[in-house]
Amino acid sequence: MRKLASVQRIWKIEPIEGADRIELAYVLGWQCVVNKGQFEPTDLAVYFEIDSFLPIRPEYEFLRSSSYRKTDLMGEGFRLRTMKFRGQVSQGLLLPLDQFEEIPKDVEIGDEVTDYLGVKKWEIEEKATTGGTVIGTLPIDVPHTDETRIQAEPDLIKDFEGLEYYISTKMDGSSHSVSLDEEGFHVTGHNYEYRDDGKSAFYELTKRDGIEDKIRKYTQENSIQTLTIQGEFCAPGIQKNRLKLTRPEWYVFTIRENGKRVGLRRMEEICKSLGIKMVPIEEIGEDLPSKYPTVDSLLERADGDYPNGGKKEGIVIRTTEPVFCERISAPLSMKVVNNKYLLKNES
């Protein structure tokens with residue numbers, strides 16, 4: 001789970017050319033624009049990640065003109081997103097630790113304070129075009145799809161040392177999954193399972209491509225008890241259709257057989273057998289830290305465009321065979337979101 005608000009140490013302060021009142025502060029793998037003189041290197045601060053939704057309180061009122069949001073799902077508050085000041089990217093928010101009395105005095109570097117401060121993750125209602133009628137939360141074998149951003153855990157780069165890895169394109173759409181277990185066939189979005197009632201565009205895609213029949217036949221022939229396939233549903237009307245598609249498509253990025261995530265080559269075999277698309281694989285290599293040793297080198301690698309010209313959201317990096325990572329308590333993986341995409345497309 002992401003630490004939306006945590007106690008972190010500022011490890012570097014840099015001036016911004018031509019700016020008298022602001023400067024750059026660095027924390028983890030992120031950079032934030034802060035008021036000049038507000039912090040010194042080694043200071044502790046509360047760091048709020050991008051996509052945090054901050055409650056209404058006096059400490060955040062300076063964000064009102066740029067970040068105030070009110071929706072039926074989230075209520076009202078301040079949504080943090082990537083911003084740009086004097087040509088510099090600012091990702092998240094840094095505020096002095098002593099500004100928050102509710103944070104315990106014995107907190108340590110890295111401690112999460114999300115709940116103390118009432119911070120929530122910004123969520124956008126799943127549109128009728130991507131969802132449908134909700135019938136429940138995610139089935140037990142359908143995990144949430146939320147990769148760790150490299151800026152939040154820069155040391156993940158070291159964890160890839162000596163391992164074969166692959167880089168896939170991060171497709172820009174809506175996360176949707178299908179699964180087959182003893183209770184039947186399930187179609188889900190990022191958070192919920194949906195009913196087959198003609199209101200879900202993704203359900204219609206599964207019917208168009210005969211996915212349920214293919215999965216039932218495949219699991220029967222291969223004696224598989226449960227099969228979960230997760231991917232990105234991209235289509236006109238979803239996000240901003242940056243892939244420039246003329247009809248809905250689904251790009252698979254994770255497959256679980258009998259509750260266990262499979263590796264890249266097995267995923268390729270299953271997708272080929274079922275006749276379904278995978279996310280594009282951009283690169284396969286060994287020892288990631290030797291080629292991309294820093295967050296900046298990975299951000300440069302993430303830059304680019306989709307084949308039809310839209311700005312690419314970024315990349316996802318995983319080991320070709322799942323390797324458990326204690327740092328994130330999950331199989332080793334990370335996403336690198338293209339800063340140019342964020343600046344151009346976040347709203």
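## Terms and basis

Two strands count as paired if DSSP finds at least two bridges between them. Strands (E, at least two residues) and helices (H or I, at least four residues) are DSSP runs, numbered from the N terminus. This is a predicted model, in which local features need pLDDT of at least 70 and side-chain atom pairs count only at pLDDT 80 or more, while totals for chains, interfaces and linings use all residues. Residues are numbered from 1 along each chain as its sequence is written, and side-chain values use heavy atoms, with hydrogens and water left out.

Strand β3 covers residues 22–27. Six bridges join β3 to β4 in the antiparallel sense.

## The β7-β8-β6-β12 sheet

Four strands make up another open sheet, also antiparallel, in the order β7-β8-β6-β12. Here β7 (68–71) and β12 (120–121) are the edge strands. Each pairs with a single strand, so one side of each has no neighbour in the sheet.

Strand β6 (residues 52–54) pairs with β12 over two bridges, in the antiparallel sense. F53 stands opposite K120 in β12.

## Two packed helices

Helix α4 (residues 211–221) packs against α5. The angle is about 120 degrees, and the axes lie 10 Å apart. Axes are lines fitted to C-alpha atoms, for helices over the stretch in contact, and angles run from 0 to 180 degrees between N-to-C directions.

The two helices, α4 and α5, are therefore oblique to each other. Angles under 35 degrees count as roughly parallel, over 145 as roughly antiparallel, 65 to 115 as roughly perpendicular and the rest as oblique.

## The cavity

The structure holds one cavity of 30 Å³ or more. A cavity is a set of points on a 1 Å grid over the protein atoms alone, where a 1.4 Å probe fits but cannot get out. The largest cavity has about 40 Å³ of space; a volume is the space filled by probe spheres set on the points.

Lining residues have an atom within 4 Å of a point. Among those of the largest cavity are Y166, F253, R261, L264 and T319. At least two lining residues come from each of β19 (249–257), α5 (264–274) and β22 (314–319).

Methods
On a 1 Å grid over the protein atoms alone, a cavity is a set of points where a 1.4 Å probe fits but cannot get out, and a pocket is an open set with protein on both sides within 12 Å along at least five of seven lines; lining residues have an atom within 4 Å of a point.
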